[in-house]
Amino acid sequence: MVLEKSAPIQMQQIHHFENIIVGGGITGTAAAYFLAKEGNEVALCEQFDLNTQASGRNAGSLHGQIQFDPFHTLGFEWGKSFLPALKFLADSLDIWSDLSTDLETDLEVFRGGGLLVAETKEEMALLATKVELEQSIGIAAELLDGNQLRQKAPYIAEKMLGAAFSPIEGKANPLLAAPAFAKVAKKHGAKIFTGVEVFTITKNGNGYRLVTSAGDFTCKNILLTSNAGLTKLGANFGLSLPITDEPVQVSVSEIVSPFVKHLIYFSGERLTFKQAKSGSLLIGGGWPARINAEGVPVLNPDSLRGNMRVAIKVVPSISAIKIIRTWIGVGNGTPDHRPIIGEVAGYKGVFIGMFPGMGLTAGPLLGKTLAQLATGQLIDRNLEAFSISRFH
Ligand SMILES: Cc1cc2nc3c(=O)[nH]c(=O)nc-3n(C[C@H](O)[C@H](O)[C@H](O)COP(=O)(O)OP(=O)(O)OC[C@H]3O[C@@H](n4cnc5c(N)ncnc54)[C@H](O)[C@@H]3O)c2cc1C
């Protein structure tokens, strides 16, 4: 895909906008869309091209259940503490349903549900607890035994005992979503600047001044959607945000006839598995990449082998299918797996939005929430669990 380049900006000139967004991934472009659509003046600064970091490198899963890894490791109380974030994901999934129409682009959204497959009785017992937790806040979830699982997904290995079924999950094409948000935001008057890195942010009267690689910008509100870049930018406000970086890999197969309509996970080892609209299988689940001598994340053959071994264990019929490409993206997390959403204390008009691990799914609602915060709209949701202050 060729991304539109922004017109060169005149150096020395100061650009003023009511709202400036830093970051051109799914969150930033969604925020630009929701602000511009309501007639608000907004500019977005992205240091590279749009959608080139996590938002354009993910696996396209639309998540709507508590992830098994942290639930297994951190336990039931953690699961309970994650429920507000799960509700956030579920509400974002509702936005995804109509997004192709709203953005006038086929984003290849398909919500056929997700199956977290289990192999042992112990894992099935954990899934039962997890499903109850999800149901406790009205999220649709169901525990399936082996027969029910194979009725839904006959391609799953015979030895699997059952699964947690989340009917709200699905998939979308991550290469299309952020560019589509940006395109419609521009149509509504948003200014999108690519190749513009924000270096520092300081107070400037009742607003802020941003020093960037294309000169200075001033604004009333700043929406920081810079994900991995938040650690550095947060320091401008005295914040030390504990955002983690983990380079992980995703693989894509040759095109095969459609046979997988669900998003598949496995409780025994890391796996996400789905079939894209094109027919390719997308296989990931957070297997780590390797860091080379220059500090650059590169393919880790052991992870590739491990990822394929697990995929074949869960879906044996894929053993003869060819993998054509593996790519790497840096996944960003928070220590409690909860998002960071809110205004920075002592800096009126500065808002942060970051959703760890599942930010493609959360992106539309996160962008909308940031736009509502910046324009002082009432939000029908308690953001306390996502506050920045929990880290300080
Ligand atoms: C391999 C992989 C697989 C994943 N799979 C899934 C999945 O299947 N489903 C799911 O829901 N989520 C998934 N995720 C997570 C998801 O991709 C991210 O959570 C989400 O894309 C974050 O979006 P964002 O817009 O907040 O951040 P990003 O997409 O990272 O965008 C932030 C932008 O800010 C820019 N920026 C940073 N600092 C500055 C600065 N100083 N000046 C200007 N610009 C700056 C960056 O260049 C970047 O473009 C996956 C992530 C990875 C890496």
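Me: What makes up domain 1 and domain 2 of the protein?
Reply: Domain 1 comprises 15–56 + 175–241 + 336–391, and domain 2 comprises 111–169 + 244–333; such bounds come from an automatic or database domain assignment. The model is a predicted one, in which local features need pLDDT of at least 70, side-chain atom pairs count only at pLDDT 80 or more, and totals for chains, interfaces and linings use all residues. Residues are numbered from 1 along each chain as its sequence is written, and side-chain values use heavy atoms, with hydrogens and water left out.

Me: How many residues of domain 1 are in contact with domain 2, and how far apart are the centres?
Reply: Contact means heavy atoms within 4.5 Å, and 6 residues of domain 1 are in contact with 4 residues of domain 2. The centres, taken over C-alpha atoms, are separated by 31 Å.

Me: How many helices and strands does the protein have?
Reply: The protein has 10 helices and 20 strands, counted as DSSP runs (helices H or I, at least four residues; strands E, at least two).

Me: Why is the protein called as compact as a globular protein of its length?
Reply: The globule rule is 2.2 Å times the number of residues to the power 0.38, and the radius of gyration is taken over C-alpha atoms. For 392 residues the rule gives 21 Å and the radius of gyration is 21 Å, close to that value, so the description applies.

Me: What percentage of the residues is buried?
Reply: Buried means under 20% relative accessible area (1.4 Å probe, protein chains only); 55% of the 392 residues are buried.

How values were computed. Buried means under 20% relative accessible area, exposed over 50%, partly exposed in between (1.4 Å probe, protein chains only).
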